[in-house]
Amino acid sequence: MTRSSLVTITETQNLAMAEDLLRLHRIRHLPVVRGGKLVGLVTHRDLLKAAAKGGGADPAKQPLWASDVMVRDVRTVTADTSTREAVKMMLDNKFGCLPVVGADGTLIGILTEADMVRFAQHLIEDMDRRSLAAEYEA
């Protein structure tokens with residue numbers, strides 16, 4: 001999961017800010033926090049939908065806020081959730097991410113599809129090393 005470079009937004013920040021953060025950090029999911037606690041999620045897709053409806057980051061139009069487009073009922077996991085369970089939840093529900101929260105709802109990280117691909121890469125590299133080692137021993 002991503003912890004150290006976690007990028008968030010508050011409910012009262014406008015969608016232009018959300019769009020800038022997504023583009024600047026090259027991410028697709030933006031947790032929305034209030035007092036450090038997760039209250040929603042804004043995704044790149046949410047911004048596209050808002051723009052298609054005539055809102056979004058166009059300064060000539062009435063600004064929309066994160067609270068206007070965020071998903072409020074966000075499924076989450078805890079740091080104790082197994083990787084297997086988190087992957088199953090992501091696949092079964094077609095989630096692109098799962099915010100990781102503490103017992104009190106404090107956001108501590110986010111698990112994304114990119115994190116899963118990096119994890120798979122490490123597993124494949126480990127399998128390749130073991131396979132090579134077994135060939136040399138034979």
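Tutor: Helix axes are lines fitted to C-alpha atoms over the stretch in contact, and their angles run from 0 to 180 degrees between N-to-C directions. The model is predicted: local features need pLDDT of at least 70, side-chain atom pairs count only at pLDDT 80 or more, and totals for chains, interfaces and linings use all residues. Residues are numbered from 1 along each chain as its sequence is written, and side-chain values use heavy atoms, without hydrogens and water.

Student: At what angle do H1 and H2 cross?

Tutor: Roughly 135 degrees, with the axes of H1 (residues 15–25) and H2 (residues 44–52) coming within 10 Å.

Student: Which residues make the contact?

Tutor: H1 supplies Leu15, Ala18, Glu19 and Leu22, and H2 supplies His44, Leu47 and Ala50. Contact means heavy atoms within 4.5 Å.

Student: Which residues of H2 are buried?

Tutor: Asp46, Leu47 and Ala50 are buried (under 20% relative accessible area). Down the axis of H2, these buried residues fall within an arc of 100 degrees, so they line one face of the helix.

Student: What covers them?

Tutor: The cover of the buried residues of H2 includes H1, strand E3 (37–43) and helix H3 (66–69).

Student: And which residues are exposed on the other side of H2?

Tutor: Arg45, Leu48 and Ala52 (exposed is over 50%).

Student: New topic. Is Thr112 buried or exposed?

Tutor: Thr112 is buried, because its relative accessible area is 14%. Thr112 belongs to strand E5 (residues 107–112).

Student: What does Thr112 contact?

Tutor: His29, Met90, Gly96 and Cys97, leaving aside neighbours within four places in sequence.

Key
Helices (H or I, at least four residues) and strands (E, at least two) are DSSP runs, numbered from the N terminus. Buried means under 20% relative accessible area, exposed over 50%, partly exposed in between (1.4 Å probe, protein chains only). The arc is that of the directions from the helix axis to the C-beta atoms.
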